[in-house]
Each structure stands twice: as structure tokens, then as C-alpha cells.
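User: I have a structure open and want to learn how to read it. Can we go through some features one by one?
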Amino acid sequence: MAPEDYMRIAINEALKGEGWTNPNPMVGAVIVKDGRILSKDYHHKCGEYHAERNAILNCGEDMRGAEIYVTLEPCCHYGKTPPCTEIIIQSGIRKVYVGSMDKNPLVAGKGVEMLKAHGIEVVTGVLEEECRAINQVFFHYMDNKTPYVVMKYAMTADGKIATVTGASKWITGEASRERVQRSRHKYMGIMVGLGTVLADNPSLTCRIAGGRNPIRIICDTRLRTPLDSQVVQTAKNVRTIIATCVTEKGQIRAFEDMGCQVVVTGEYEGHVDLRELMRILGERGIDSILLEGGGSLNASALSQGIVQKVESYIAPKLFGGALAKSPVAGDGVSEPDLAYLLKNPIISRIEEDILIEWEVADCSQES
């Protein structure tokens, strides 16, 4: 097997930690000696041992002269766990293959330098693009200190997210809805507007067995979320943040008494300043958000430039209706040349539905 083959195995190991490692990256490691895999493992959960340490501790065989394939540069500092470079050096491993370099300033090349300083051969850039792709969230968070935001919506083939009466359950099929639940597990937070809470009274939890509930973030400019809504009633069990422009302490206290965390921002065009909110959430360690808002919140998110990715689920249905809602509301752009630009589409078929994933071009959003 070639180095790329072993690195693909390491990538598959890394993906087992999806949803549990945030805000840490997903990392996988594979130990190979004489063409035979001795051990493989991954970073299971934030605060627990990293992939390299897990693979080495669980090996149980002589690793002297072995190679290790790791999807991200080994750390070299003490944090919640000891440095991975330390145990690699102690193990007798003679060669390290690295997929992508770590952007954490505490590492950022220092891990590779330390290994080399101890006589260990290091090869970098093995399947680098694929290794970086599984950690888009981590790299964005390291660069910007704000959450990676994925705008998700389900629509009909004629671009409607609800009928003219406002009915929207269900547009896509069960398989698509199950994939959305996996996204709720994957991303650290989920964000909706007040309109969604009033219309659907959602729980905004992950309904996958053994899954992780996302942190719920409600954008509520005037603090009108009903105290008897599901998100407020369950706030002591599932972390819930309400972002508002209201400063009246009595109003805020009513939500805090129910277990909600209230974040106050300035206003942007009469609504919560989403850019300020992203900075605050980033400071609180929230690295990613699944935006499941309606058309108004989607429009605000795009206009304020906080969206990095769009996931569009398209159902084989036609609703019609000039007044039926579309995924992005607001005034829209005045000229085609002013459109928000998307790039690098990935198209998947989910039974009868289609999912298109796009990255949002940086130049298409407000700075």
C-alpha cells in the first residue's frame, strides 16, 4: 500500500469523531510496520487523548522502526492532554507522515520541527487537500475566531420553502431529514430566528440515537420568545442562547431564570447584529453553526457576510404561488452582478431528493 492509502484509512478514522471533537479538529492516526497495520485510532472527544496517543497506547506491539500516518500535524504543547510529539518520540516510531499542518499558533510547524530535532523523519502534505477538507470548521475557526456558518434549507424544485399558506412539513423525504439530524450532531450550534420559534415551536435537538445536541441560538431582536416554548422550557437541559438587542434587565432575567443565556448585541438594520454575535459566540468557544432560519434570517446572514457554506436540499415537488416563501427573503439584490456568489458545488442524490453543497465566495459578501 502507498502512503496515500494509509492516510485514507487515517481520514476514515478521523471522521469517527465527527460532532464530538469541537472545537478541536477531527484527527485520525494509523501505525504501520513492515507493511502491516499495527494500530489505528482517532481523537474521540474534546478534552480526551488525541489520535496519535490513542493509537500508540492501544498498539500493544513493538513500534520501534514503525511509521505513523496522522491527518493533522502532531501537537507539541501541554493543554488538556500531553503533547503527541512526546509519546511519538518515546514510542520508537522512526517516520511520521502528516496530512495537513496545524494552524493552531501553539503548534503551527513546531510539532514537525520537534520530531525532526529528535531524528524522526517527517513527510508532510500527504493527501493534504482531503485532510484539510474534513476540518473546514477548525481551520476557519483558527483563522477568524468566529463560527463556521452553514446555511441549510429545504425547498421545492421551484424554489419554495413553504406553500402560500405557510405550510412546510414536509418538503423533503425522510432520508434527507435524517441527514439534517447528522448535521445537527456535527455542528456545535444551531441558529434560528424568532419567526421559526413562533411558527413551529421546535425543540432544535439532535434526534439521532446517541447523538449530541447542538447549542441552540435564537435570534430574537425584541426578546419575544414565549417562555412556554420548547427551547425555553428545556434550556436547563440543552444549552440555549438568546441573542437580542433588548437591555431591560427584568426581561432578560425572566429568560435567565429559565436557564437561557442571553447575549445582547447592537442593531444592524433593525435586527441583531450578526457579525457582533459571531464574535461573541467565537469567544465562547462555539466553532460552527447550522443556520436553520427562515428567509428573513437567511437574508440578514448573507447581507452581513457570516455564511461560509450553503446546503440546499431540493425536493421533486412544485408548490407554485407568487407569495409562497423562498429561502432568502428581504429586498434581494438590485442587479444580477450583485448576487451572492457560490462555488465548488458538491451534488448528492438522497433517494428522490437532491442535495447541493456550495461554499460562499468571500468576495460576494459584505466586509
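User: Is leucine 223 buried or exposed?

Analyst: Keep in mind that this is a predicted model. Leucine 223 is buried, with a relative accessible area of 6%. The cut-off for buried is under 20%. Leucine 223 sits in the loop between strand 8 (215-219) and helix 9 (230-233).

User: What is the phi of leucine 223?

Analyst: Start with the general idea. Most residues other than glycine have a negative phi, and most peptide bonds are trans. Now the case here. Leucine 223 is not a glycine, yet its phi is positive, about 55°. Aspartate 34 also has a positive phi, near 55°. Aspartate 34 belongs to the loop between strand 1 and strand 2. Its relative accessibility is 77%, so aspartate 34 counts as exposed.

User: Which residues does a cis peptide bond join?

Analyst: One joins asparagine 22 and proline 23, with omega about 0°. Proline 23 is in the loop between helix 1 (3-14) and strand 1. Another joins lysine 169 and tryptophan 170, where omega is about -10°. Look for tryptophan 170 in the loop between strand 6 and helix 7.

User: Next, the sheets. What is the order of the strands in the open sheet of five strands?

Analyst: The general idea comes first. In a regular strand the side chains alternate between the two faces of the sheet. In this sheet the order is 2-1-3-4-5, and the pairing is mixed. The edges are strand 2 (36-42) and strand 5 (121-123), and each of these pairs on one side only. On average, neighbouring strands of the sheet are turned by 20° against each other, direction ignored.

User: In which sense do strand 1 and strand 2 pair?

Analyst: Antiparallel. Strand 1 (residues 28-33) and strand 2 share six bridges.

User: Now helices. How many residues does helix 7 have, and what span should they give?

Analyst: Helix 7 has 13 residues. At 1.5 Å a residue they should span 18 Å. The end C-alpha atoms are 19 Å apart, which agrees.

User: Which residues of helix 7 are buried?

Analyst: An α-helix has 3.6 residues a turn, so residues three or four places apart point the same way. In helix 7 the buried residues are Ser176, Val180, Gln181, Ser183, Arg184 and His185. Their cover includes strand 6 (148-156), strand 7 (189-193) and strand 13 (288-291). Strand 14 (309-315), strand 15 (342-350) and strand 16 (353-360) are also among the covering elements.

User: What does histidine 185 touch?

Analyst: Leave out residues up to four places away in sequence. Histidine 185 then touches Glu18, Gly19, Trp20, Cys206, Gly211 and Arg212. A polar atom of the histidine 185 side chain lies 2.8 Å from the backbone oxygen of glutamate 18. Histidine 185 has a relative accessible area of 11%, so it is buried.

User: How far apart in space are serine 300 and histidine 271?

Analyst: Their C-alpha atoms are 8.3 Å apart, though 29 residues separate them in sequence. Compare that with histidine 271 and methionine 258, which are 13 residues apart in sequence and 24 Å apart in space, C-alpha to C-alpha. Histidine 271 is in strand 12 (residues 271-272), and serine 300 is in helix 12 (residues 295-303). Histidine 271 is partly exposed at 41%, whereas serine 300 is buried at 17%.

User: Last topic. How many disulfides does a search of the whole structure find?

Analyst: A disulfide is a covalent bond between the sulfur atoms of two cysteines. The search finds zero here. For cysteine 84, the nearest cysteine sulfur is that of cysteine 75, 3.8 Å away. The cut-off is within 2.5 Å, so cysteine 84 is in no disulfide.

Note on methods. Residues are numbered from 1 along each chain as its sequence is written. This is a predicted model: local features need pLDDT of at least 70, side-chain atom pairs count only at pLDDT 80 or more; totals for chains, interfaces and linings use all residues. Side-chain values use heavy atoms; hydrogens and water are left out. Two strands pair if DSSP finds at least two bridges between them. Helices (H or I, at least four residues) and strands (E, at least two) are DSSP runs, numbered from the N terminus. Axes are lines fitted to C-alpha atoms, for helices over the stretch in contact, and angles run from 0 to 180 degrees between N-to-C directions. Buried means under 20% relative accessible area, exposed over 50%, partly exposed in between (1.4 Å probe, protein chains only). A polar contact is a pair of N or O atoms within 3.5 Å; within protein, one must be able to donate a hydrogen and the other to accept it, and residues adjacent in sequence count only if both atoms are side-chain atoms. Contact means heavy atoms within 4.5 Å. The expected span of a helix is 1.5 Å times one less than its number of residues.
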